[in-house]
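Please look over the sequence and the structure shown here before reading on. The briefing is written for a reader who is new to them.

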Amino acid sequence: MSDRPVIEIKDLKVYFYVKAGTVKAVDGVNLTLDPGVKMGLVGESGSGKSTMALALMRMVRPPATIEGQMFLDGVDLLTLKEEEMRRVRLSEIAMIPQGAMNSLNPVMRIRDQILDGLQDHGVRMSRADADKRITELLEIVELPKKVLRMYPHELSGGMKQRVCVAIAISMRPKVLIADEPTSALDVVIQRQVMETITRLVNTLKLSMILIGHDMGLMAQSVDRIAVMYPGKLMELGDTRDMFAEPLHPYTQALINSLPVLGKRGVFNGIPGIPPSVINPGPGCPFYDRCPKVIEGLCVKKMPPFREIKPRRFVACHLYEGVN
Amino acid sequence: MRANYVIRRVFFLIMVIWTAATINFILPRLTGRDPIKEQLTQQIASAGRKAEDAEQMWRKYNELFGLDKPLWQQYVTYISHVARLDFGYSINSYPRTVMDIIISRGRLTLPFVSVAIIIAFVGGILLGALLGWNKSPKWLSTIVVPPLMVLSSVPQFLVALVLIYFVAFRWKLFPLGDPYPKTMVEDWSSLKFIGQYAYHAVLPILSIVLVELSGWALGMRAMMVTVEGEDYAVFAEAKGLKNGRIFYRYLMRNALLPSLTGLALRLGFIITGASVTETFFNYAGIGSTLGAAISNFDYFLLYGIVIIMVMSIAFATFIMDMIYPLLDPRIAYRGQRG
């Protein structure tokens, strides 16, 4: 496996031009994902993590605009023609959707919904071969063969999400983008589905971007964590390091807010609400909630996103002098 | 499971028709009016006949129509007649039976109205789907939507009048009215007659299509926008499917379902729903016959048409109930789960 990152995002901007002003949903994000790595992208609601997922699939719709560069294996996805991008979807970069309950077409059999993705990427095969291949895919995600002939409404939420996983890996993509794949499921099913996804990513040697807001789930599932705060990347590092020593005050607050087994008392929330992404100010978006805010500096200037130790990036004025 | 569903629907169908027939039987009897007496009085007054034998004639007619029998017996006879589609004689054109009138008039109405409904539906659905699709060019909506809005809010008779005045009267492209030339005899085995019928039907069909197509198109457009927001539409795009497949199999297929119910109801009114068009284009069809039956107090003809109307709506709904599970797999099971 080459050392070249499978995904390299440079200064990615997704702006929505609306009447009230410019919504900077993703504002200058830099990120690299190495082959075979599972990366978690965490943030609160509205922090732009789902927009990131859509941007990676190049599926943001007008009035949104994408700028910057997004390399998938050295190819800038933003320069591809629409038809070329369509072919990249599923075959090279696939998505496991967020709304498990409603992500399958209610009027098509599961078989046909798995098959049409293959067909539209040039896979031609006989009926019998198609059935065989689809049965194999269903087996991989631990679903019985009979699911093939069923309709989505005959399946439970967990089963539906497994079908979506089967579809996502059906073309052996390089990258899997899982946008809160378990948020619509109860905790028991959540764990089972997550285990299936992790097992598949490991055995098929895929890279994955797992989007979510659950730091606990991330700690169990991913190698690296990227923390987003409205529109911006705050911190990036290996999961262990991140939990051992969170650098950014926002990451610290996030980890502090996790419940600890056996500990009683009040949960540590993060006071305040995230800022509006409509016409954001020039400073750090977290300044007004930050316990370690540097008066006069944070409000005016956004700190650069820098590598302050090997494989460890942070955007905070507190670490300006370090390194 | 399937058989159970069908049986339930058939039972439903029979109940609906029976209930409607019963109401049809009771309602006029509650008004306290006597159609035969009224008819006779009118005829006597207009013909200047002597009133002495009126009482005798009234009794004779009541006997003839079975109106002298007790109510329950009348009801039983009535229901058994309805079951055989026998609605008796028309009061106004006495020797002809109601069914005979309905068939001879319906023959003129049914072909052009059904063609109009189908053209309007298919055209409207396709147009609406294109208008609602986010991959369609913007100019399509800019050009097409305003005229659709206007057409959908203009009453049908106005469209008919405009067509008659410009297309038929000024430009003389199509005949002014009548289902076929007055010089011709109705003969459905002759191609020449059918050709003339089609030629005469162009404007009536157009007047229906213009109005109804805009309704279907605007409804479909709204449904498309809703379906496009569904998770499965987003996932379909993430699957890298071709645009055509997403459009037909994912978006249109789902957006179509509510319109199909609307189509079933519309088809139910196929016989009577064209009375405006028939009046303006001077068709002696079922629609205008219904109007005439009302103003002439031709009760038996009126009953007949109303029952046929109810039956066609019930049948259209029944057929849609049969087809719907094939189109939407979620339906068939709903009954089982309660």
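Predicted model: local features only at pLDDT ≥ 70, side-chain atom pairs only at ≥ 80, totals over all residues.

Residues are numbered from 1 along each chain as its sequence is written, and chains are lettered from A and ligands numbered from 1 in the order in which they are written. Chain B has 14 helices and 0 strands, where helices (H or I, at least four residues) and strands (E, at least two) are DSSP runs numbered from the N terminus. In chain A, 8 strands form an open sheet with mixed pairing, and two strands count as paired if DSSP finds at least two bridges between them.

**Chain B as a whole**

- Taken along the principal axes, the C-alpha atoms of chain B fill a box of roughly 85 × 60 × 35 Å.
- Of its 338 residues, 32% count as buried; a residue is buried if 20 or more other C-beta atoms, placed from the backbone, lie within 10 Å of its own, exposed if there are 12 or fewer, and partly exposed in between.
- Among the contacts in chain B with a separation of 6 or more, residues 24 or more positions apart account for 71%, a contact being two residues whose C-beta atoms, placed from the backbone, lie within 7 Å.

**Helix pairs in chain B**

- The axes of helix α7 (residues 156-170) and helix α8 (residues 191-228) of chain B come within 9 Å and cross at roughly 135 degrees; axes are lines fitted to C-alpha atoms, for helices over the stretch in contact, and angles run from 0 to 180 degrees between N-to-C directions.
- α7(B) and α8(B) are therefore oblique to each other, given that angles under 35 degrees count as roughly parallel, over 145 as roughly antiparallel, 65 to 115 as roughly perpendicular and the rest as oblique.
- α7(B) passes α8(B) in a right-handed crossing; a crossing is right-handed if the near helix is turned clockwise from the far one by less than a right angle, and left-handed if anticlockwise.
- Residues that make this contact include B:Leu163 and B:Val167 of α7(B) and B:Leu206 and B:Leu210 of α8(B).
- By class, the contact of α7(B) with α8(B) has 10 nonpolar, 2 polar and no charged residues; Ala, Val, Leu, Ile, Met, Phe, Trp, Tyr, Cys and Pro count as nonpolar, Asp, Glu, Lys and Arg as charged, and the others, Gly among them, as polar.
- Helix α5 (residues 98-132) and helix α6 (residues 138-153) of chain B also have axes that come within 9 Å and cross at roughly 135 degrees, and the crossing of α5(B) and α6(B) is left-handed.
- In that pair, B:Leu127, B:Leu130 and B:Leu131 of α5(B) meet B:Leu140, B:Ser141, B:Val144 and B:Val145 of α6(B), and by class the contact has 6 nonpolar, 1 polar and no charged residues.

**Where the chains touch**

- In the contact between the chains, 20 residues of chain B meet 26 residues of chain A.
- The elements giving two or more residues to the side of chain B that touches chain A are α9 (231-238) and α10 (243-268) of chain B, and α9(B) gives the most, with 6 residues.
- By class, this side of chain B has 7 nonpolar, 3 polar and 10 charged residues.
- B:Arg249 lies in helix α10 of chain B and counts as partly exposed, because it has 18 C-beta neighbours inside 10 Å.

**The sheet of chain A**

- The strands of the sheet in chain A follow the order β6-β7-β8-β3-β9-β10-β12-β11.
- β6 (93-96) and β11 (306-309) of chain A stand at the edges, each with a single partner strand, so one side of each is left without a neighbour in the sheet.
- Neighbouring strands of this sheet are turned by 25 degrees against each other on average, direction ignored.
- β9(A) and β10(A) pair in the antiparallel sense over 6 bridges and form a hairpin with 2 residues between them, where A:Gly231 in the turn has a positive phi of about 85 degrees.
- Strand β10 (residues 232-238) of chain A is joined by 2 bridges to strand β12 (residues 312-314) of chain A, and the two run antiparallel, with A:Leu236 opposite A:Phe313.
- In β10(A), 6 of the 7 residues are buried, so this strand is largely enclosed by the rest of the structure.
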